[in-house]
Amino acid sequence: LEVVRSVEPRIADAIAKELHDQRESLKLIASENYASPAVLLAMGNWLSDKYAEGTIGRRFYAGCQNVDTVEAVAVEHAKALFNAPYAYVQPHSGIDANLVAYWAILADRVEVPALRRFEKRQINDLNDAEWAELRRAFGNQRMLGMSLDAGGHLTHGFRPNISGKMFDQRSYGVDRATGQIDYAALRETAREFKPLIIVGGYSAYPRKVNFATMREIADEVGATFMVDMAHFAGLVAGKVFTGDFNPVEHAHIVTTTTHKSLRGPRGGAVLAQPELADQVDRGCPMVLGGPLSHVMAAKAIAFAEARRPEFADYAQQIVTNSQALAEGLLKRGVQLVSGGTDNHLVLLDVHPFGLTGRQAEQALLDSGVVTNRNAIPQDPNGAWYTSGIRIGTPALTSRGLGTAEMDQIADLIHTVLVNTTSAEGSKAKYNLDPALADRVSKQATELLAPFP
Ligand code: PLP
């Protein structure tokens with residue numbers, strides 16, 4: 001840090017303060033974790049300085065022998081970890097991984113008569129008129145993804161993201177009574193809408209997903225089945241989600257981030273069936289720029305770490321902790337979407353406290369409890385203010401906290417929520433006694449002290 005400080009002290013201070021904040025507050029954001037020192041060090045080095053557009057052994061730059069090694073090792077570990085026939089580790093983030101996958105599916109599936117004159121799909125060899133034909137055909141495709149208020153992600157065809165502009169999107173959601181995916185309704189929508197792509201996966205759904213059933217539906221309507229496992233990749237890697245619940249066994253193509261429950265560097269990856277491999281390989285330069293070689297190195301380390309037996313224990317403990325947290329909240333009268341959890345996250349409905357998600361999020365933050373607001377099914381407060389709080393256990397489980405601590409955390413969360421009131425007529429302002437926030441914050445720090 002002193003080297004950084006010698007150039008720009010404000011950056012050194014921000015880094016040091018970030019470490020302090022992450023150590024001293026309860027990090028309960030479901031998409032965050034603590035990467036290991038090996039992951040961080042593999043990322044902070046000279047690989048960052050190298051350009052390596054292309055694929056392994058086929059680069060647009062000279063001198064890529066070391067990046068080739070890095071990428072090949074990362075691919076080897078990713079394939080072994082997830083038991084996947086093909087892996088692509090270049091995507092810089094989850095959004096990029098999804099764009100690479102969408103491109104690959106379009107290129108593989110969409111019928112463009114001009115392409116028939118080639119033996120293989122040689123998209124780059126189309127003439128101008130044929131390109132126009134391809135653009136029209138590609139821009140007119142359908143996607144079926146999980147609705148945002150049920151826990152879907154913006155990249156699954158929603159308008160604030162480019163996927164919503166690329167695709168004609170329709171959503172599937174959850175059953176009102178159970179809060180769980182309504183597979184019969186999903187099947188019905190798929191039959192009627194006939195999407196090119198069905199997207200499984202989520203950012204804020206607290207239950208297992210039956211990917212075997214979703215594949216069956218995709219096959220019935222001739223859709224390509226893609227799963228975005230960004231949130232729960234660690235649970236797949238750690239063999240908590242197996243059989244019908246393991247997306248890699250059922251999807252044509254799987255995308256992920258590497259920094260959430262998987263505990264790697266910030267980045268993305270794609271796993272695919274062999275028939276899609278050629279198109280996914282074109283992710284760079286079709287969607288991506290030069291790969292972040294240093295991040296691919298860190299991904300290799302993270303995948304290797306996740307192949308160790310102790311990672312399976314970690315993954316199981318994430319869910320055990322999440323369920324203990326859910327129980328602790330339920331017994332104190334907090335309402336949970338779907339009534340519980342079978343994964344790494346719980347979704348609180350804060351409406352009964354007379355609060356919006358935004359008010360609850362800020363009140364918790366004042367009290368050293370870091371979460372994020374999230375829409376809940378049929379949310380009356382929309383996507384900005386929301387009525388939910390999403391809480392995840394991957395990060396605190398990495399620090400070694402267990403079920404006893406989860407019960408104490410449930411108590412702290414409940415204490416803050418029952419003592420916060422909405423400011424008259426506001427969806428953002430709230431009242432919370434600063435002394436109480438301070439007391440909870442100190443309790444949070446004390447609770448974390450044995451888990452440095
Ligand atoms: N997919 C899902 C399901 C996510 O939850 C997220 C991020 O929250 C992403 C994709 C995007 O990942 P990134 O922020 O790395 O682009």
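Let me start with Lys-27, whose side chain makes a polar contact with the side chain of Gln-22 at 2.7 Å. A polar contact here is a pair of N or O atoms within 3.5 Å; within protein, one must be able to donate a hydrogen and the other to accept it, and residues adjacent in sequence count only if both atoms are side-chain atoms. Before going on, the ground rules. This is a predicted model, with local features needing pLDDT of at least 70 and side-chain atom pairs counting only at pLDDT 80 or more, while totals for chains, interfaces and linings use all residues. Residues are numbered from 1 along each chain as its sequence is written, and side-chain values use heavy atoms, with hydrogens and water left out.

Back to Lys-27. A polar atom of its side chain also lies 3.0 Å from the backbone oxygen of Asn-33. Lys-27 sits in strand β1, residues 26-27. Strands (E, at least two residues) and helices (H or I, at least four) are DSSP runs, numbered from the N terminus. Is Lys-27 buried or exposed? Buried, at 6% relative accessibility. The cut-offs: buried is under 20% relative accessible area, exposed is over 50%, partly exposed is in between, with a 1.4 Å probe and protein chains only.

Next, the ligand. Which residues are around it? Ser-93, Gly-94, Ile-95, His-153, Tyr-202, Ser-203, Asp-228, Ala-230, His-231, Thr-257, His-259 and Lys-260.

Now the atom pairs. A ligand oxygen is 2.8 Å from a polar backbone atom of Gly-94. A ligand oxygen is also 2.9 Å from a polar backbone atom of Ile-95. On the nitrogen side, a ligand nitrogen is 2.6 Å from an N or O atom in the side chain of Asp-228. On its own, the ligand has 390 Å² of accessible area, and the protein covers 83% of that. Areas come from the Shrake-Rupley method with a 1.4 Å probe; for residues, only the protein chains shown count as cover.

Tyr-202, from that shell, takes us to the aromatics. How many aromatic pairs does the structure hold? Nine. Rings of Phe, Tyr and Trp (its six-membered ring) pair if their centres lie within 6.5 Å; planes under 30 degrees apart count as stacked, over 60 as edge-to-face and the rest as tilted.

Trp-103 and Phe-138 make a tilted pair, 5.5 Å centre to centre with 55 degrees between the planes. This pair links distant parts of the chain, 35 residues apart: Trp-103 is in helix α5 (residues 94-109) and Phe-138 in helix α6 (residues 128-138). Trp-103 is buried at 13%, and Phe-138 is buried at 8%.

Then Tyr-202 and Phe-232. Their ring centres are 4.9 Å apart and their planes at 25 degrees, so this pair is stacked. Tyr-202 lies in the loop between β7 (197-201) and α9 (211-221), and Phe-232 in the loop between β8 (224-228) and α10 (233-237), so the pair ties together parts 30 residues apart in sequence. Tyr-202 is buried at 3% relative accessibility. Phe-232 is buried too, at 0%. Ring pairs also link Tyr-202, Tyr-205, Phe-211, Phe-225, Phe-232 and Phe-241 into a cluster.

Cysteines next. The whole structure has zero disulfides, a disulfide being a pair of cysteine sulfur atoms within 2.5 Å. Cys-64 is buried at 5%, and Cys-284 is buried at 4%.

Ala-269, in strand β10 (residues 268-272), is buried at 5%. Its C-alpha is separated by 7.2 Å from that of Ala-87, 182 residues apart along the chain. Val-350 is in the loop between β12 (345-349) and α16, and is buried at 0%. In α16 itself, residues 357-366, the buried residues are Gly-357, Gln-359, Ala-360, Glu-361, Ala-363 and Leu-364. Just after α16, Gly-368 takes a positive phi of about 80 degrees.

Key: A residue is near a molecule or strand if one of its heavy atoms lies within 4 Å of it.
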